[in-house]
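Here's a friendly walk through one protein model. Have a look at it first, and then we'll go through some of its side chains and strands.

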Amino acid sequence: MMPLDLDANATEPLRPEAREAVLRALETGGNPSSVHGGGRAARRILEEARRAVAARFGGEVVFASGGTEANALALHALSPSRRVLLGATEHAAVRAAAPPGAAVLPVLRDGTLDLAALEAALRDGPPALVCAMAANNETGVLHPLSEIAALCRAHGALLHVDAVQAARLSVELPGDTLALSGHKLGGPSGAGALVLRSGIALSPLIAGGGQEQGRRGGTEALPAIAGLAAAVTAPYDAARLAALRDAVEAALGEGAVIAGQDAPRLPNTALAVLPGVAAETVVIALDLAGVRVSAGAACSSGKVARSHVLEAMGFGEDAGSGIRLSLPWNAPDDTPERFRRAWEGVRARLSSRRPALAT
Ligand code: PLP
């Protein structure tokens with residue numbers, strides 16, 4: 001039997017619409033900057049993809065290599081001459097791109113951004129750039145973006161939103177810039193986008209041949225971009241996924257704490273904290289039982305560390321005990337039952353070491 005994929009937040013399975021669009025673009029070939037007929041055919045695919053992404057999110061679209069680059073481009077362009085404020089649970093892509101003096105804003109116990117702390121920070125000092133992720137990649141917790149955007153507007157701050165995980169849902173550009181990644185939506189890896197409010201000046205992070213109106217140099221990765229555009233318009237059954245996710249959470253039984261369970265969350269994501277258990281032990285045991293999950297963030301090349309997200313949410317010594325279960329867009333209907341069977345075996349083995357899990 002095929003393994004059960006519960007690691008969609010690392011990468012979503014390729015959607016058939018995206019596969020078709022990739023193949024069409026590969027067959028067309030060409031460089032969108034060439035002036036001859038072949039180049040013009042490639043340009044048509046590129047501009048159609050741009051229109052599809054713009055129609056879905058609003059704003060102008062600059063294509064990049066993925067979510068990390070789109071976030072880095074926004075911070076590179078918007079952070080000079082502004083002080084940067086970022087949430088404590090931001091992804092490493094944003095944290096690494098922030099300047100050294102950036103201020104880190106706390107989150108509440110449920111994982112949402114502390115709005116009182118944001119307001120106090122905005123009131124106090126020169127114009128800011130606020131970085132707030134739409135949905136957290138580990139917990140799925142959705143930040144209150146309309147309140148954050150209103151506070152930014154009231155205090156003359158710019159707002160950059162990392163929407164890499166939330167783009168599956170209908171998110172409209174709430175601030176000035178928004179980052180996307182194709183492979184988190186069911187497109188291929190290799191393409192992402194920065195969506196920006198018109199009028200925002202964007203100095204390139206990568207200069208070069210003037211592509212993307214001088215805002216991102218380098219020949220566009222046309223097949224991956226076409227796949228991204230097909231994926232953003234593909235249907236996403238959030239209600240079905242939420243029901244399956246809730247049933248998976250119920251199958252965990254007692255002894256597991258779902259981080260951010262009381263906050264609005266992505267419909268496909270659960271971060272189960274198993275106090276006293278090392279997350280990597282569970283990841284390996286579930287893999288052997290045919291279920292693929294990850295320990296918190298999966299972006300660190302197989303390394304499992306304490307989760308800065310759980311630390312920021314106050315989980316203290318249990319910050320290394322979070323198992324992320326994230327259902328793909330095509331999760332089978334028997335996902336909860338298959339997970340329950342695998343989990344019961346794993347739990348029985350773990351409970352000899354950690355009795356609370358046996359209850
Ligand atoms: N932002 C978030 C919230 C993510 O989850 C990820 C990847 O996990 C990224 C940014 C980086 O995206 P990419 O892998 O496309 O570079």
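## A charged pair in a helix

Glu 47 and Arg 50 sit three residues apart in helix H2 (residues 37-57), so about one helical turn separates them. (Helices here are DSSP runs of H or I with at least four residues, strands are E runs of at least two, and both are numbered from the N terminus.) Their side chains meet in a salt bridge, 2.8 Å from N to O. That term means a side-chain nitrogen of Lys or Arg within 4 Å of a carboxyl oxygen of Asp or Glu.

How accessible are the two partners? Glu 47 counts as partly exposed at 21% relative accessibility, while Arg 50 counts as buried at 16%. The cut-offs: buried is under 20% relative accessible area, exposed is over 50%, and partly exposed is in between (1.4 Å probe, protein chains only).

A word on the ground rules: this is a predicted model, where local features need pLDDT of at least 70 and side-chain atom pairs count only at pLDDT 80 or more, while totals for chains, interfaces and linings use all residues. Residues are numbered from 1 along each chain as its sequence is written, and side-chain values use heavy atoms, leaving out hydrogens and water.

## Bridges across the chain

Side chains of opposite charge can pair when their charged atoms come close. How many salt bridges does a search of the whole structure find? It turns up 17.

One of them joins Arg 216 and Glu 69, at 2.7 Å from N to O. This pair links distant parts of the chain, 147 residues apart: Arg 216 is in the loop between helix H7 (211-214) and helix H8 (222-232), and Glu 69 is in helix H3 (residues 67-78). Arg 216 is buried at 14% relative accessibility, and Glu 69 is buried too, at 10%.

Glu 249 and Arg 265 also form a salt bridge, 2.8 Å from N to O. Glu 249 lies in helix H9 (residues 238-252) and Arg 265 in the loop between strand E9 (257-258) and strand E10 (269-273), so the pair ties together parts 16 residues apart in sequence. Glu 249 is buried at 10%, as is Arg 265 at 13%. Meanwhile, salt bridges with shared partners join Arg 43, Glu 47, Arg 50 and Glu 212 into one network.

## A buried Glu in a loop

Glu 12 is in the loop between strand E1 (4-5) and helix H1 (16-28), and it counts as buried at 4% relative accessibility. Among the residues Glu 12 touches are His 183, Tyr 236 and Trp 329, leaving aside residues up to four places away in sequence; contact means heavy atoms within 4.5 Å.

Is E10 enclosed or open? Five of its five residues are buried, so E10 is largely enclosed by the rest of the structure. Thr 269, Leu 271 and Val 273 point one way, with Ala 270 and Ala 272 pointing the other.

E10 pairs with E9 in the antiparallel sense over two bridges; two strands pair if DSSP finds at least two bridges between them. Val 257 has Val 273 in E10 as its bridge partner. Five bridges join E10 to strand E12 (residues 322-326), also running antiparallel, and Ala 270 has Leu 325 in E12 as its bridge partner.
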